Amino acid sequence: MIPENISRQAARCLGCKNAPCSKNCPLGIDIPSFIGLMKEDKLSEAFNEVFSASIFGEVCSAVCPLDKHCRSSCVRGLKGDPVEIPMLENYLFERYFNPSCAQPVPETSGTVAVVGSGVAGISCAVALAQQGVKVTVFEMQDNLGGITANEIPSFRLERKAFSKVIEYAKNLGVSFINNSFLSGEDVRNLTTQFDAVFLACGLQKDVEVAVSNLDGVVSATQYLRGNRPKSVKTVVVGGGNVAMDCARTALRNGAEVIVAYRRTEEDMPAFREERLSALREGVRFMCLLSPFSVNGEGRVQSATFAEMQVTGVENNRSRIEQTNNLVTIDCDCVIMALGSRADSEFFRNAGISLINGRVEVDDNLMTSIDGLFAGGDIIAGENTVAKAVSDGRNAATSIIKYINK
């Protein structure tokens with residue numbers, strides 16, 4: 001029997017014919033259709049409706065922002081609370097997604113190398129394997145799953161959700177090679193060893209600010225992957241989703257936490273729900289502060305910031321300039337969460353040019369190099385999981401057409 005809260009949410013769906021929720025889903029899931037099947041108690045059919053569009057239903061339902069995509073455009077939300085679409089999707093995947101059901105498809109359609117085992121890479125690999133393509137995924141880290149599996153905190157995404165996807169891919173016949181560091185030249189060479197290559201390595205470098213090498217100063221990537229200095233008072237520098245993840249993780253490690261951001265709170269790139277969650281849990285925001293120095297002897301003792309002031313509006317964000325005032329905050333840990341960028345040397349060595357820090361692709365997600373496709377953050381910047389899944393799926397379609405040609 002369907003739990004009462006699930007049944008109640010499904011019953012609230014209006015079944016809109018021109019459903020804005022579906023139009024606003026990067027994966028094009030027919031949301032009224034799968035919820036309609038749930039209303040009829042056809043749960044396995046409802047699951048298959050979602051699963052046919054994405055194997056990442058459990059992951060997306062946990063981490064996709066509430067103020068974007070399907071839920072944000074639900075008609076019910078115009079005069080009240082929207083239908084909790086992620087809750088329904090998560091229920092179906094927890095109940096019906098069984099990785100052991102994957103059956104290898106006879107290899108009939110060529111070979112493809114996928115560089116990166118994050119969401120875009122796995123999405124592409126699975127879609128290709130389902131069509132009989134032999135797929136090898138190269139991952140530079142020991143753990144598979146990229147940022148989503150290894151850096152999103154467990155209080156937002158349980159590790160088992162991504163592990164099930166990896167297990168499904170393996171059962172489907174996808175091969176994984178861990179600890180495989182590939183240079184730009186190596187990636188270029190893969191195009192001669194495989195029929196096609198999909199590059200989904202993400203934004204490999206943390207944006208750095210040369211403030212200090214004292215103990216207690218860590219990057220967001222280091223912190224979220226487990227390098228967490230014991231702290232009484234932590235300052236997180238940055239205002240994006242990763243900064244919120246770091247701040248909320250530091251709270252759970254027993255620290256008092258301040259997020260310092262160079263613009264206003266309204267300018268923060270973090271999703272609204274992530275900001276509100278951090279504030280509700282006790283994180284303090286200090287805005288209009290730009291990092292100036294980190295101070296101490298051997299160990300962090302404080303962080304100094306240049307005070308900024310708003311001088312107008314530019315490109316829908318506050319235009320700011322630095323004042324002559326400095327603000328010092330006592331702390332014993334500083335987490336630099338200023339975002340990520342592409343490794344320009346890596347792409348240059350691969351023969352791929354960057355435009356505004358992103359890889360340029362055509363409508364088929366192919367780069368300027370024949371047979372080399374790209375997707376995920378390296379073409380769109382830091383984006384949502386659903387968009388990365390869509391990139392992987394679309395790339396697989398283009399790659400199969402390319403191989404067949």
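Residues count from 1 along each chain as its sequence is written, and side-chain values rest on heavy atoms, with hydrogens and water left out. Because this is a predicted model, local features need pLDDT of at least 70 and side-chain atom pairs count only at pLDDT 80 or more, while totals for chains, interfaces and linings use all residues.

**View 1**
Let's start with Arg 248 and Glu 281, whose side chains meet in a salt bridge at 2.8 Å, N to O. A salt bridge here is a side-chain nitrogen of Lys or Arg within 4 Å of a carboxyl oxygen of Asp or Glu. Helices (H or I, at least four residues) and strands (E, at least two) are DSSP runs, numbered from the N terminus. Glu 281 also meets the side chain of Arg 252 in a salt bridge, at 2.9 Å, N to O. That pair again joins helix 14 with helix 13, across 29 residues.

Which of these side chains are tucked away? Arg 248 counts as buried because its relative accessibility is 8%. Glu 281 is partly exposed at 31%, and Arg 252 is partly exposed at 43%. The cut-offs are under 20% relative accessible area for buried, over 50% for exposed, and partly exposed in between (1.4 Å probe, protein chains only). Now widen the view: Arg 156, Asp 245, Arg 248, Arg 252, Glu 274 and Glu 281 are linked in a network of salt bridges.

**View 2. Glu 40 and Lys 42 meet in a salt bridge.**
Their side chains come to 3.1 Å, N to O. Lys 42 has 36% relative accessibility, so it counts as partly exposed. The structure holds 13 salt bridges.

**View 3. Leu 14, Val 75 and Leu 78 form a nonpolar patch on the surface.**
Together these three have about 300 Å² of accessible area. Areas come from the Shrake-Rupley method with a 1.4 Å probe, and for residues only the protein chains shown count as cover. Patches take residues with over 30% relative accessible area and no salt bridge, joining like charges within 9 Å and nonpolar side chains (Val, Leu, Ile, Met, Phe, Trp, Tyr) within 5 Å. Leu 78 sits in the loop between helix 6 (69-72) and helix 7 (85-96). With a relative accessible area of 72%, Leu 78 is exposed.

**View 4. Helix 7 has a set of buried residues.**
They are Ile 85, Pro 86, Leu 88, Glu 89, Tyr 91, Leu 92 and Phe 93. How far apart are the end C-alpha atoms of helix 7? They are 17 Å apart, which agrees with the 16 Å that its twelve residues should span at 1.5 Å a residue. The expected span is 1.5 Å times one less than the number of residues.

**View 5. The largest cavity holds about 190 Å³ of space.**
A total of 19 residues line it, and Cys 25, Cys 60, Cys 64, Cys 70 and Glu 89 lie nearest its centre. Helix 3 (31-39), helix 5 (57-63), helix 6 and helix 7 each supply at least two lining residues. The structure has three cavities of 30 Å³ or more. On a 1 Å grid over the protein atoms alone, a cavity is a set of points where a 1.4 Å probe fits but cannot get out, and lining residues have an atom within 4 Å of a point. Points are joined across faces, edges and corners, and a volume is the space filled by probe spheres set on them.

**View 6. Leu 288 has a positive phi.**
Most residues other than glycine have a negative phi. Leu 288 has a phi of about 60° although it is not a glycine. Its place is the loop between strand 9 (284-287) and strand 10 (289-297), and Leu 288 is partly exposed, at 21% relative accessible area.

**View 7. Leu 365 has a positive phi too.**
Phi of Leu 365 is near 65°. This residue lies in the loop between strand 16 (358-359) and strand 17 (372-374). Leu 365 counts as buried, with 10% relative accessibility.

Terms used
On a 1 Å grid over the protein atoms alone, a cavity is a set of points where a 1.4 Å probe fits but cannot get out, and a pocket is an open set with protein on both sides within 12 Å along at least five of seven lines; lining residues have an atom within 4 Å of a point.
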